[in-house]
Amino acid sequence: MANGVATGFNVILRDDPDFYIHQLYPIDFFGTTVYITTTHICTFIVILAIAVLAIFARRSVLKTKDAPSKFAAGVELVIGALINFVNGTMGKAGKKYINYVGTLFLFVFISNISGLFGLRPPTADYGTTLFIALVSFTMIQYAAIRYQKWGYLKGMFEPIFLFFPINVISEIATPVSLSLRLFGNVLAGTVMMALYYGMLPIFFKIGIPSALHVYFDLFSGAIQAYVFCMLTMTFVANKRNVEG
């Protein structure tokens, strides 16, 4: 069992880098064997990192009296930027969605850049990106039903009733496009880095990987997190018929 744990840990930390999802630990689930995979472990590590970061941020801000620490000032700066970002996109309705958008951005961003720390990004698994896209899709549909009421159902038959199937498909396409865009970009970076580490001689792995990680993990990861959150806010705002 110890060898199995060690092997699984090496796979997670890319001791022998590849871009596959590995089945690490089998679990009997009502007669069906399911597996704890690298995605589950890496997702747990990301969530744990976010929780620790949130705890330290809260304690740092609460301890602030007169002159805030650099960390507390940084936290307040980030929160202010988040509020401006959400309000600038959604207008007056933005204050209701700040917590969700902030959590969504933090999870997607840290998941995307987890490759910098030797993990396989959870967002390189379509199961992860589809799930968070479905959460956003649920929020979008809730906003449409709550604020448009019967007008939302009526809109599905516009401009004529023959367009109903097309309108339904366009709604279903929202979570599919959100999830595939994020999944494709992150997986592409993961595959590129795995191929680089696995195929090139060792002397080419000195120095150059840092630049590649900055682009594929940090820059691309930040852009994809921004795009995912921006599209989610735009869709929700459109369903609410919010202007500015």
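Predicted model: local features only at pLDDT ≥ 70, side-chain atom pairs only at ≥ 80, totals over all residues.
Trainee: Why is K149 called exposed?

Mentor: The relative accessible area of K149 is 56%, and because the label requires a value over 50%, K149 counts as exposed.

Trainee: What makes the phi of K149 worth a remark?

Mentor: Most residues other than glycine have a negative phi. K149 is a residue other than glycine, yet its phi is positive, near 50°. F30 is another such case, with a positive phi of about 50° although it is not a glycine.

Trainee: Where is F30 placed, and why is F30 called exposed?

Mentor: F30 sits in the loop between β1 (23-29) and β2 (32-37). The relative accessible area of F30 is 78%, to be set against a threshold of over 50%, and therefore F30 is exposed.

Trainee: What else does K149 take part in on the surface?

Mentor: K149 gathers with K95, K96 and R146 in a patch of positive charge. Membership asks for over 30% relative accessible area and no salt bridge, with like charges joined within 9 Å. K95, which lies in the loop between α3 (70-90) and α4 (98-113), has a relative accessible area of 65% and is exposed, so the accessibility condition of over 30% is met by this residue.

Trainee: Which residues form the nonpolar patch on the surface, and how do you know that W150 is exposed?

Mentor: The nonpolar patch is formed by W150, L153, F157, I160, F161, L162, F163, F164 and I166, which together have about 960 Å² of accessible area. At least two of its residues come from α6 (150-155), and at least two from α7. W150 is placed in helix α6, and because its relative accessibility is 71% where over 50% is required, W150 is classed as exposed.

Trainee: How many aromatic pairs does a search of the whole structure find?

Mentor: The search finds five aromatic pairs. One of them joins F105 and F109, with 5.9 Å centre to centre and 10° between the planes.

Trainee: Why is the pair of F105 and F109 called stacked?

Mentor: Ring centres must lie within 6.5 Å for a pair, and planes under 30 degrees apart count as stacked; the pair has 5.9 Å and 10°, and therefore both conditions hold for F105 and F109. Both residues belong to helix α4, where they are four residues apart, about one turn of the helix. F105 has 28% relative accessibility, and so counts as partly exposed, this class covering values between 20% and 50%.

Trainee: Why is the contact of K239 with E171 called a salt bridge?

Mentor: The closest N and O atoms of K239 and E171 are 2.7 Å apart, and because the criterion is a side-chain nitrogen of Lys or Arg within 4 Å of a carboxyl oxygen of Asp or Glu, the contact qualifies as a salt bridge. K239 lies in helix α8 and E171 in helix α7, so the pair ties together parts that are 68 residues apart in sequence. A search of the whole structure finds one salt bridge.

Trainee: How do you know that K239 and E171 are buried?

Mentor: Buried means under 20% relative accessible area. K239 has 16%, and so counts as buried; E171 has 14%, and is therefore buried too.

Trainee: Why is N238 called partly exposed?

Mentor: N238, placed in helix α8 (residues 208-240), has a relative accessible area of 48%, and because exposed would require over 50% and buried under 20%, N238 is partly exposed. The C-alpha atoms of N238 and A144 are 8.4 Å apart in space, although the two residues are 94 residues apart in sequence.

How values were computed
Residues numbered from 1 in each chain as written. Heavy atoms only, no water. Patch = residues over 30% accessible without salt bridge, like charges linked within 9 Å, V, L, I, M, F, W, Y side chains within 5 Å. Areas by Shrake-Rupley, 256 points an atom, 1.4 Å probe, with all protein chains shown as cover. Lys, Arg positive; Asp, Glu negative; His and termini not counted. Charge placed at Lys NZ, Arg CZ, Asp CG, Glu CD. Buried < 20%, exposed > 50% of the residue type's maximum accessible area, 1.4 Å probe, protein only. Phe/Tyr/Trp six-rings, centres within 6.5 Å; stacked < 30°, edge-to-face > 60°.
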